[in-house]
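Please read it with the sequence and the structure side by side.

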Amino acid sequence: MSEAARSLLQRWGASFRKGTDFDSWGQLVEAIDEYQILARHLQKEAQSQHNNSEFTEDQKKTIAKIATCLELRSAALQSTQSQDEFKLEDLKKLEPILKNILTYNKEFPFDVQPVPLRKILAPGEEEHLEFEEDDEEGGAGAGSPNSFPARVPGTLLPRLPSEPGMTLLTITIEKIGLKDAGQCIDPYITVSVKDLNGIDLTPVQDTPVALRKEDTYVHFNVDIEIQKHIERLTKG
């Protein structure tokens, strides 16, 4: 093990224990912050180029899955009914995997997938993304009225682990029609699931800013993973 890898694993391990300690003590705000910070660092490493990383591609896939689990636990702590979500005892099972990532060769204990190419921001951190020219849509550039120059990352959460006999719900938003679509500035959609009293049953999620506008349509092309199995949602 190189000195760089050893130092990295020590920092990750300390952050992981710090987050789970906060979680155990009921300091949920601090736990969420620590989980999100660590998830961001893990995903950054998982998405790094091979020649700039201390880890193999298989190891980076495992690291990315641990980042997903940190996000799931963070989401559970923000849910009004977190007992049905990703549990602390489940997350703690990942500490030895992270610690021994260089020699870990077993199947990952949870059915989760890495979050693809989405930077996880630490609390209070801002992300500035350059507009990417879209040649397939007529070459709309940064100055085009049919495109949005800022791609805000949003707060979408990954798909929950599957469970036998339980149903997951994915909402796909391709586009919405608006009479004044051309006047929208950085449009996004907030998705929430509430009970009859207006209480959130799952974490509220914001889509990234729309990809583009076209005539009277605003295009999103995103999937929203509802953070509770349908069978566990309150009826009504």
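This is a predicted model: local features need pLDDT of at least 70, side-chain atom pairs count only at pLDDT 80 or more; totals for chains, interfaces and linings use all residues.

Arg 17 is partly exposed, since its relative accessible area is 40%.

- Arg 17 and Glu 95 are joined through their side chains by a salt bridge, with an N to O distance of 3.5 Å.
- Because Arg 17 belongs to helix α1 (residues 3-25) and Glu 95 to helix α5 (residues 95-99), this pair ties together parts of the chain that are 78 residues apart in sequence.
- Glu 95, with a relative accessibility of 25%, counts as partly exposed, as does Arg 17 at 40%.

**Other salt bridges**

- The structure holds eight salt bridges, among them the Arg 17 and Glu 95 pair already described and the two pairs described next.
- Glu 57 forms a salt bridge with Lys 60, in which the closest N and O atoms are 3.0 Å apart; both residues lie in helix α3 (residues 57-77), where a spacing of three residues amounts to about one turn of the helix.
- Since Arg 232 lies in the segment after β5 (217-225) and Glu 163 in the loop between α5 and β1, the pair ties together parts that are 69 residues apart in sequence.
- Arg 232 is partly exposed, having a relative accessible area of 27%, and Glu 163 is likewise partly exposed, with a value of 32%.

**Nonpolar cores and their surroundings**

- The largest nonpolar core has 33 residues, and those with the most contacts inside it are Trp 12, Leu 42, Ile 66, Cys 69, Leu 70, Leu 91 and Leu 94.
- Helices α1, α2 (28-46), α3, α4 (88-92) and α5 each supply at least two residues of this core, and α3 gives the most, with eight residues.
- When neighbours within four places in sequence are left aside, the contacts of Leu 91 are with Phe 16, Thr 20, Tyr 35, Cys 69, Leu 70, Arg 73 and Phe 86.
- A second, separate core of 13 residues includes Ile 173, Ile 189, Phe 220 and Val 222.
- Gln 59, found in helix α3, is buried, with a relative accessible area of 12%; leaving aside neighbours within four places in sequence, Gln 59 is in contact with Ile 101 and Leu 102.

**Nonpolar surface patch**

- Leu 169, Ile 171 and Ile 230 form a nonpolar patch on the surface, and together they have about 200 Å² of accessible area.
- Ile 171, one of the residues of this patch, is placed in strand β1 (residues 170-177).
- Ile 171 counts as partly exposed because its relative accessibility is 31%, a value that lies between the cut-offs of 20% for buried and 50% for exposed.

Notes
Residues are numbered from 1 along each chain as its sequence is written. Side-chain values use heavy atoms; hydrogens and water are left out. Patches are made of residues with over 30% relative accessible area and no salt bridge: like charges are joined within 9 Å, nonpolar side chains (Val, Leu, Ile, Met, Phe, Trp, Tyr) within 5 Å. Accessible areas come from the Shrake-Rupley method with a 1.4 Å probe; for residues, only the protein chains shown count as cover. A salt bridge is a side-chain nitrogen of Lys or Arg within 4 Å of a carboxyl oxygen of Asp or Glu. Helices (H or I, at least four residues) and strands (E, at least two) are DSSP runs, numbered from the N terminus. Buried means under 20% relative accessible area, exposed over 50%, partly exposed in between (1.4 Å probe, protein chains only). Contact means heavy atoms within 4.5 Å. A nonpolar core is a set of buried Ala, Val, Leu, Ile, Met, Phe, Trp, Tyr and Cys residues joined through side-chain atoms within 4.5 Å.
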